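Please read the following points beside the sequence and the three-dimensional view. Each point takes up one part of the fold.

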Amino acid sequence: MDLNKSIRLAVDSGEVVLGTDKTKKLALTGKAKIVVLSSNALREQAQDVKHYCSLSKTPLVVFHGTSIELGTICGKPFPISALSVINEGNSDIMQAAKQ
């Protein structure tokens, strides 16, 4: 499974919320199906996201690339440290949670 391709497909065909603050809220309330966190997210923010995901039992995937690379994969001209997938659309991103 290619995580980059899965993320892009989820952005294009599903419903994805970008940004650390929104992702924290969605993870805490359990509304996110899966959360993707860049490897260079700020340590404090990353700890918060991981903690909220564990509380709500939301799957968390660490993207092994920078926030700039994650932004590029999402087709955005800015860095993205975290994103929440609400609806995966045609993507197989949920498989990443099982790996």
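1. Two strands are said to pair if DSSP finds at least two bridges between them. Strands (E, at least two residues) and helices (H or I, at least four) are DSSP runs, numbered from the N terminus. In β3, Val61 is the bridge partner of Val36. The strands β2 and β3 run parallel and are joined by four bridges.

2. The model is predicted: local features need pLDDT of at least 70, side-chain atom pairs count only at pLDDT 80 or more, and totals for chains, interfaces and linings use all residues. Residues are numbered from 1 along each chain as its sequence is written, and side-chain values use heavy atoms, with hydrogens and water left out.

3. The open sheet consists of four strands in the order β1-β4-β2-β3, with mixed pairing. Its edge strands, β1 and β3 (60–63), each pair on one side only. From one strand to the next, the twist averages 25°; angles run from 0 to 180 degrees between N-to-C directions, and axes are lines fitted to C-alpha atoms, for helices over the stretch in contact.

4. Helix α1 (residues 3–13) packs on the sheet and touches β1, β2, β3 and β4, where contact means heavy atoms within 4.5 Å. The direction of α1 makes about 115° with that of β3. Helix α3 also packs on the sheet, touching β2 and β3, and its direction makes about 160° with that of β2.

5. Which residues of helix α2 (residues 20–29) are buried? They are Thr20, Thr23, Lys24, Leu26 and Ala27; buried means under 20% relative accessible area, exposed over 50%, and partly exposed in between (1.4 Å probe, protein chains only). These buried residues pack against β1 (15–18), β2 (34–38), α3 (43–56) and β4 (82–87). After α2 comes Gly30, with a positive phi near 80°.
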